[in-house]
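Please keep the sequence and the coordinates at hand while reading.

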Amino acid sequence: MERSRTGKQLTLYLALAGCCLLGTVAAADPPPADFPNGPVGEPIVPLPLTLEFDPDRAALGEKLFYDRRLSRDGTLACVSCHNLAEGGDDGLVLPGRAEGRSGEVNTPTIFNSALSFRLGWRGTYRRLADQVDADIEDPRLMNSSWDEVLGKLRADSGYAAAFARTYGDGVTRQNVLDALASFHRSLITPNARFDQYLRGRDDALTEAEKGGYRLFKSLGCVSCHQGRNIGGNLFQKVGIFADYFASRGNVREIDFGRFLDTGAQHDLFVFRVPSLRNVAVTAPYFHDGSVAELGDAVRKMGEIQLGESLTDDEIRLIVQFLHSLTGEYQGRPIMSE
Amino acid sequence: MTRVTLIHVSITGTLLGVVTHLFVQSTSIDPEAHVRVLEVIDSLSQAETDLRRNLLLVRGDLLLHYDTVNGALGELRERLDDLRLIASASTAPDSEALSGRFALLEANVAQDEELVEQFKWHNALLRNSWSYFAQKSRSVSRPGALPVSAGEGLSRTINRLLPAMMLVQHQPRSEATELAALELDRLAALDPPTPLGSHVDSMVKHGRLILRLSPTLDASLKTLLTSRTAGYVNDLRSTYLDQHRRSVNRAENHRVLLYAASLLLLAYLAFLFIRLQSGSNALALSNAGLKKEMSERRQAEDKARALQAELAHAHRLSLMGEMASGLAHELNQPLTAIRLYARGCVRRLKSGDGTPEEILDAMNRLSAQVLRAGEILGWIRSFVKKRQPRTSAVDINALIRETVELLSYERRNHDFSIELGLTGSLPCVKADKIEVQQVILNLTRNSMEAMDERPPEPLRIVIRTATGGGGMIEVVVEDSGRGMTPDVLAHAFDSFFTTKPQGMGLGLAISRSMVEAQGGQLWATSQEGVGTTVHFTLPVAGEESNDSTERDGIVVEFGGSRSGRVEHDDGRAGPDRRRIHGDSLRH
């Protein structure tokens, strides 16, 4: 009896010692440590290399992401507009033009949107679940209903088994949303050259790109485009120093921005500041998709938001900097359409 | 008894219900859930503090992005969602106060969130404008930047504007703002030539924006910093803790009550148990008493039965005495015949003219008469024998015929006819045959005696059998005698009541008690001057007593002699209906 207890204690000590050893080994080669608020004095924070998510649930979410049964007529999946091979968007001015559906706003990239404070051009949705709820029933998008979608998914024995295994209570709205949200968290594009620069690799950027970044800061772009997503974390009015819509013409209801959600006068033409992550590969630009070239977009922003006419040199440098914001998905750089 | 049981059951049930209720009420709140709620509230408090700290960092340009502000807001939202989930799962009875606090907090957080959005938006603009203003003012105030042609005015204006703007940045009071606005207006009015002009334009544009936005931003910040969110979180915590304390107290009180109720239930059950035990003792005692009583009663019954048997025997002896002359005459007949046959034989043997066949025939007749005399003696012996009643399956019709044969001996003394109305194929009855015979003899003799003073009409006695109700066979003895007055009828079954000078007054009483001892009933109806009818019933013999050997016994004892006699006496055999006339029997 006494002997066996001693034996147990010995095993425990050995196990503890083993743990310590492993800990030491792990500590010897730490992952690049991030300051939670980014490098001191920098307004931009590198993207985390990974976000926490449950791989089983994300795998289910990935299947759903590619599943056309989420739409009534079986023609649309999430991936139809959020092409993960090409920037996480559809590369179109407005979605669904070809199919005669014609969405009202340009498709934003899905990449890194899990890190944005709200979703959609005007930040209508706080959670992915709210956005999916809306998209499922949107007549221009999935044009379906949860009853219909869940019915189709439940009829698939593969889904039924996988959901039962992963969640226990099978295919439910809650679980479908959770699976999609898990997959959503896997859609981040870390390790952009600019992030490498922020993490201390000075040679990750060319001198021109560094100059572009300095301009980006000094011109005031960074006032709004800051944080992990270089935007995507506040609202701002479109057209502070010049009326964007007057110069574009043809003002539609969708241009009213956040006003449509709050009804508050000060929210007229207010939009969620979009993220500039992967901006070089997600043309065309702005909520109306009206600008095809990144340089033109920068010029337009200077004009309406900063009240400045940027020179061609300034624009060239900033565009070069913006190219360094293209990250990697599954270890490969994001590609343009 | 049932009512008492019902009361016990309902009391026990009520006590059990009370104990169960108290048990449910006394379960205190899951400590893990309690800790979780407190943790969530602490996280709310922490997130609220984080939000305020981050807002200050942002305002002081110590934090150059809004991720952490959003993070704190997101945390607030998520913890509120957690609380809502916990609240929806909770079954606490007095949660109105709590949900009121929660609603206040939630509304305040939504308000804060809107303010934060405004703050971020204005702060971004302000920071942008400040950076422009600083940059442009550096450009214009660089040595040599201002051309001489620009004049003293521009230089002086800029020199006044910059300190005023510095003041606005550090102490955004209204005097500083007014001063800076004034200088900006002057600067705008100067309208310097390009390229200086575009710088000055920018300064004016951004300067004005700064002056316009600074108070708004600081007002937002002030509102946020003095937001009641923290107070509402504390209210929520204290309300929750109050409610929790009350729940714990209530659970504590219920536990005490539960203990008391359990004791009560235990005591009540103990009381019931003791009662049950004493009840079973009393039952055992009364059981013993009952047994004793039963054995005493059995002894008394035995004694009574013995007495009854004695009495019946005495009655039979008396009957026999009454029938003695008739029986003696009956015996005399075979004896006379025997004497004649014997004398005839002797004479033929002496004279020698008789053939042996003739003598043999006479001898055969003689011995038949001997047998007959023996039968009569045998019956007398069995009838007067002292015996215990013994029931067996008896063919009542056969027994009645048998008895009527015996009555035919009375023909010397009485002028009567007996008519039999016997229902065919009746089941056997369960009875003592001697006693039943005794009853019939007694009843018919009573009838004969009732005729004595009415000679002109010969007495008519009818004996009938029929199935009575309820598994009984009914025997009816009816006479056309003088009948009884109601007064006499009322006492007819009393012992020692008699209307006859030589009677003992026991016949009917004994008959009734004998019938009743065999499970039947005996009753009489009478009409003065018309006649008397006596009925008695006997139970039908069940299958178990319908033993064939016993019935064979009857046949051996009575049946054989009876059938022989009937053939001998009147040569007519009718199982269902026949008449035996005293006259015809008499020749």
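Of the 587 residues in chain B, 29% are buried, a residue being buried if 20 or more other C-beta atoms, placed from the backbone, lie within 10 Å of its own, exposed if 12 or fewer do, and partly exposed in between. The model is a predicted one, in which local features need pLDDT of at least 70 and side-chain atom pairs count only at pLDDT 80 or more, while totals for chains, interfaces and linings use all residues. Residues are numbered from 1 along each chain as its sequence is written, and chains are lettered from A and ligands numbered from 1 in the order in which they are written.

Chain B holds 15 helices and eight strands, where helices (H or I, at least four residues) and strands (E, at least two) are DSSP runs numbered from the N terminus. Among its contacts between residues at least 6 apart in sequence, 77% join residues at least 24 apart, a contact requiring C-beta atoms, placed from the backbone, within 7 Å.

Helix α3(B) has 23 residues and reaches 33 Å from its first C-alpha to its last, close to the 33 Å expected at 1.5 Å a residue; the expected span is 1.5 Å times one less than the number of residues. Its buried residues, among them Asp67(B), Asn70(B), Leu76(B) and Leu83(B), pack against α2 and α4 of chain B.

Helix α2 (residues 31-59) of chain B packs with α3(B) at an angle of about 160°, their axes lying 8 Å apart; axes are lines fitted to C-alpha atoms, for helices over the stretch in contact, and angles run from 0 to 180 degrees between N-to-C directions. That angle makes α2(B) roughly antiparallel to α3(B), a label given to angles over 145 degrees. The residues of this contact divide into 13 nonpolar, three polar and five charged, with Ala, Val, Leu, Ile, Met, Phe, Trp, Tyr, Cys and Pro counted as nonpolar, Asp, Glu, Lys and Arg as charged, and the others, Gly among them, as polar.

Where the two chains meet, the contact takes 18 residues from chain B and 20 residues from chain A. On the side of chain B that touches chain A, α3 (67-89) and α4 (96-141) each supply at least two residues, and α4(B) gives the most, with 10 residues. The residues of that side of chain B divide into seven nonpolar, six polar and five charged.

Note on methods. Angles under 35 degrees count as roughly parallel, over 145 as roughly antiparallel, 65 to 115 as roughly perpendicular and the rest as oblique.
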